[in-house]
Amino acid sequence: MGDWAKRAGLGSEAFLNAARTACATVVSMLLAHSLKLPEFYWAPISTVVILLSTINPMTLAWQRFAGTALGAALGALIATFFGPHWGPNWAVYGGGIFVCGILCSVLRVGSAYRFAAITLTIVLLIAHQRPPWIVAMHRFVEVSLGIGVALVVTRVWPAPGREVG
């Protein structure tokens, strides 16, 4: 790195982390796009969430995976039960978020609640052209693909300054 880079605060660690993240997100995006997933951008978003987290990637990956599965399933169940013209009804939506929290607690995955609530919100509140179970399955696959890419990258290209564990 040149003197200008050092003066700007751009060390080799920042450069390597940016390159690592860029490569991982592009791989994630290309894989999701090649599978013709309708909202393929959730894969690289999930990759970024895992790679750039300050907590252990395996811990966060488990939280995101469990929460996405629960939120997708519950969102699809609610959307199916209440039909395509349910609203969005504030009571149904609020009840879904409440049930997400209770289920995460009962299943002892309380740390996954935020991801469950986010996924439930996406499945319920964003207009989709497909049936709810298809939307939920796509969301789960898109997010899981991003998680998988991130976990592979953490093994084969550890973050600068972190040990492989």
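This is a predicted model: local features need pLDDT of at least 70, side-chain atom pairs count only at pLDDT 80 or more; totals for chains, interfaces and linings use all residues.
At what angle do helix H3 and helix H4 pack, and how far apart are their axes?

First, the overall picture. The chain contains 7 helices and 0 strands, so that, by the assignment of helices and strands used here, its pattern along the sequence reads α-α-α-α-α-α-α. Along the principal axes, the C-alpha trace spans about 60 × 35 × 25 Å. Of the 165 residues, 40% count as buried. Among contacts with a separation of 6 or more, 70% are made by residues 24 or more positions apart.

Now to the opening question. Two packed helices are described by the angle between their axes and the distance between the axes. Helix H3 covers residues 42-51 and helix H4 covers residues 57-82; they pack at about 140°, and their axes lie 9 Å apart. Angles over 145 degrees would count as roughly antiparallel; H3 and H4 are therefore oblique to each other.

Which residues meet in this contact? From H3 come Ile45, Ser46, Val49 and Ile50, and from H4 come Pro57, Leu60, Ala61 and Arg64. By class, the contact comprises 6 nonpolar residues, 1 polar and 1 charged.

Let me stay with Ser46, which belongs to helix H3. Is Ser46 buried or exposed? Its relative accessible area is 0%, and buried means under 20%, so Ser46 is buried. Apart from neighbours within four places in sequence, Ser46 is in contact with Arg64, Val143, Gly146 and Ile147.

Rolling a probe the size of a water molecule over the atoms shows where empty space is left. The structure holds 1 cavity of 30 Å³ or more, and the largest cavity has a volume of about 50 Å³.

H6 gives the largest share, with 4 residues. By class, the lining of the largest cavity has 5 nonpolar, 2 polar and 2 charged residues.

Key:
Residues are numbered from 1 along each chain as its sequence is written. Side-chain values use heavy atoms; hydrogens and water are left out. Axes are lines fitted to C-alpha atoms, for helices over the stretch in contact, and angles run from 0 to 180 degrees between N-to-C directions. Helices (H or I, at least four residues) and strands (E, at least two) are DSSP runs, numbered from the N terminus. Angles under 35 degrees count as roughly parallel, over 145 as roughly antiparallel, 65 to 115 as roughly perpendicular and the rest as oblique. Contact means heavy atoms within 4.5 Å. Ala, Val, Leu, Ile, Met, Phe, Trp, Tyr, Cys and Pro count as nonpolar, Asp, Glu, Lys and Arg as charged, and the others, Gly among them, as polar. On a 1 Å grid over the protein atoms alone, a cavity is a set of points where a 1.4 Å probe fits but cannot get out, and a pocket is an open set with protein on both sides within 12 Å along at least five of seven lines; lining residues have an atom within 4 Å of a point. Grid points are joined across faces, edges and corners, and a volume is the space filled by probe spheres set on the points. Buried means under 20% relative accessible area, exposed over 50%, partly exposed in between (1.4 Å probe, protein chains only).
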